[in-house]
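The sequence and structure come first.

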Amino acid sequence: MSVFEYAPAPESRAVVDVKPSYGLFIGGEFVDGHGTPFKTVNPATEEVLSEVAEADAADVEAAVKAARRAHDRTWSRMPGAERAKYLYRIARIIQERSRELAVLESLDNGKPIREARDVDVPIVAAHFFYYAGWADKLEWSGYGTTPIGVAGQVIPWNFPLLMLAWKVAPALACGNTVVLKPAETTPLTALLFAEICQQADLPAGVVNIVTGAGATGQALVAHPDVDKVAFTGSTEVGKAIARTVAGTSKKVTLELGGKAANIVFDDAPLDEAVEGIVDGIFFNQGHVCCAGSRLLVQESVAEEVLARLKRRMATLRVGDPLDKNTDVGAINSAEQLARIRELSAIGEQEGAGRWSAPCELPDRGFWFPPTLFTGVSQAHRIAREEIFGPVLSVLTFRTPSEAVEKANNTPYGLSAGVWTEKGSRILHVASQLKAGVVWANTFNKFDPTSPFGGYKESGQGREGGRHGLAAYLKGGDL
Ligand code: TAP
């Protein structure tokens with residue numbers, strides 16, 4: 001039972017017109033696909049939202065052709081200041097239609113409306129504004145001004161619209177055209193984005209959206225006329241893509257998985273740290289590549305931190321994603337729920353202690369309670385593998401060097417958090433952590449001006465900031 005009772009405050013879904021079926025977006029128009037259409041469901045209710053076209057190899061071919069034509073004839077030849085006008089226009093339309101986008105994202109993904117509305121969509125607009133600003137200033141990028149050509153972009157389901165923005169905005173600013181494949185379980189906001197491209201009068205073929213599953217992504221990244229592959233997703237698929245493009249002239253960026261350490265020292269402000277731990281692992285149901293899924297807490301305060309953490313977790317409201325009070329929404333798919341359950345069961349078999357927040361889960365849909373495991377050792381699979389759900393593994397340490405050693409003891413290297421009141425300790429520890437992003441006394445902060453990306457098996461290349469331009473300009477190789 002939750003400590004507090006709240007009256008339901010559901011956002012109206014009437015603000016968005018979910019169509020019964022969607023085609024592919026190729027050459028500026030919605031067209032039928034040649035594959036077998038698939039259904040996309042609301043993971044909170046299992047209600048079918050829409051039927052979506054599947055792009056087969058011939059559709060991918062048509063999309064790449066449209067992108068090539070648009071690149072060669074218009075987009076790459078257009079002065080940067082003109083391209084910027086389109087990007088600014090798209091950014092403004094995203095702001096104008098933000099409520100619609102947030103509701104649709106919440107419906108298709110299962111994430112709380114509060115997060116879609118206050119985090120995802122504002123950062124999406126910010127990315128378009130930020131890269132619009134670069135479009136006529138590329139000579140100061142340090143990577144030249146020549147676009148690479150046609151970009152094939154494949155994105156996951158955890159931040160569907162945000163991952164689209166991270167990929168499309170810099171690509172377009174630099175004069176590339178794109179063919180983007182959203183994840184099979186979350187195609188709807190990408191298709192609404194296609195409508196926004198039409199509304200912005202973006203020249204036909206500059207953005208193309210091909211929906212489908214892994215095979216569509218495979219056909220896209222393997223297409224010989226794709227010059228640049230940008231992928232965000234699991235390390236396993238990232239490795240397969242790296243093998244596909246090896247030996248070709250394609251440029252590749254890979255944003256892959258993570259198993260971030262959130263390190264809490266005994267001098268940290270504990271209530272703030274608890275908020276950071278909660279935000280680190282329960283934001284977006286833990287479906288976050290940089291989630292703080294391993295809590296490393298100094299032994300002397302471990303008991304105190306755990307007591308406060310459990311108290312806080314018991315107040316998290318799990319349920320209807322469209323309710324403005326909801327903190328933790330639905331798990332994105334039955335497959336992902338099965339994986340979270342499987343790894344959690346393995347955690348118990350390995351001897352870790354499981355505690356879940358006492359909350360009532362809805363009868364229909366895909367749900368998992370906020371959960372933590374204590375007594376976790378570094379060898380446990382729940383400490384090594386990405387669970388990608390609302391599950392925290394708690395480990396302890398005694399000294400800063402032990403904390404660093406444990407934090408780095410993972411094949412991943414995407415992000416980390418450090419909680420201490422000593423600035424010198426932040427610098428000392430952060431400089432030794434092998435992670436692309438280190439947050440200090442905060443977690444999960446994103447800004448389009450700041451590059452994001454991984455070390456080791458978390459990927460290669462950066463998205464965001466000036467560094468994000470390197471992936472889309474020929475001089476980025478130098
Ligand atoms: P994946 O299963 O890897 O899927 C990612 C995308 O690749 C989906 O669109 C997927 O299609 C497609 N795909 C699957 N097999 C493919 C193949 N052989 N060739 C080309 N494309 C293929 O990942 P996911 O489960 O959607 O996302 C979760 C993972 O993404 C986690 O590991 C998470 O850490 C990572 N992630 C990383 C970041 C950054 S910035 N590093 C950000 C977000 C997420 P379908 O899903 O439609 O089948």
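The text below describes the surroundings of the ligand.

The model is predicted: local features need pLDDT of at least 70 and side-chain atom pairs count only at pLDDT 80 or more, while totals for chains, interfaces and linings use all residues. Residues are numbered from 1 along each chain as its sequence is written, and side-chain values use heavy atoms, without hydrogens and water.

Around the ligand stand 30 residues, with Ile155, Glu184, Ser234, Leu256 and Glu386 the closest; a residue counts if one of its heavy atoms lies within 4 Å. By type, the shell holds 17 nonpolar, nine polar and four charged residues, where Asp, Glu, Lys and Arg count as charged, and Gly is among the polar ones.

The table lists polar contacts, here pairs of N or O atoms within 3.5 Å.

| Residue | Protein atom | Ligand atom | Distance |
|---|---|---|---|
| Ser234 | polar side-chain atom | oxygen | 2.6 Å |
| Leu256 | polar backbone atom | nitrogen | 2.7 Å |
| Glu386 | side-chain N or O atom | oxygen | 2.5 Å |

On its own the ligand has 910 Å² of accessible area, and the protein covers 87% of it (Shrake-Rupley method, 1.4 Å probe).

Two or more shell residues come from each of α5 (160-173), α7 (214-222), β9 (228-232) and α8 (235-245). Of the elements, α7 gives the most, with three residues. Helices are DSSP runs of H or I with at least four residues, and strands are runs of E with at least two.

Notes. Polar contact = N/O pair within 3.5 Å; in protein donor to acceptor, adjacent residues only side chain to side chain.
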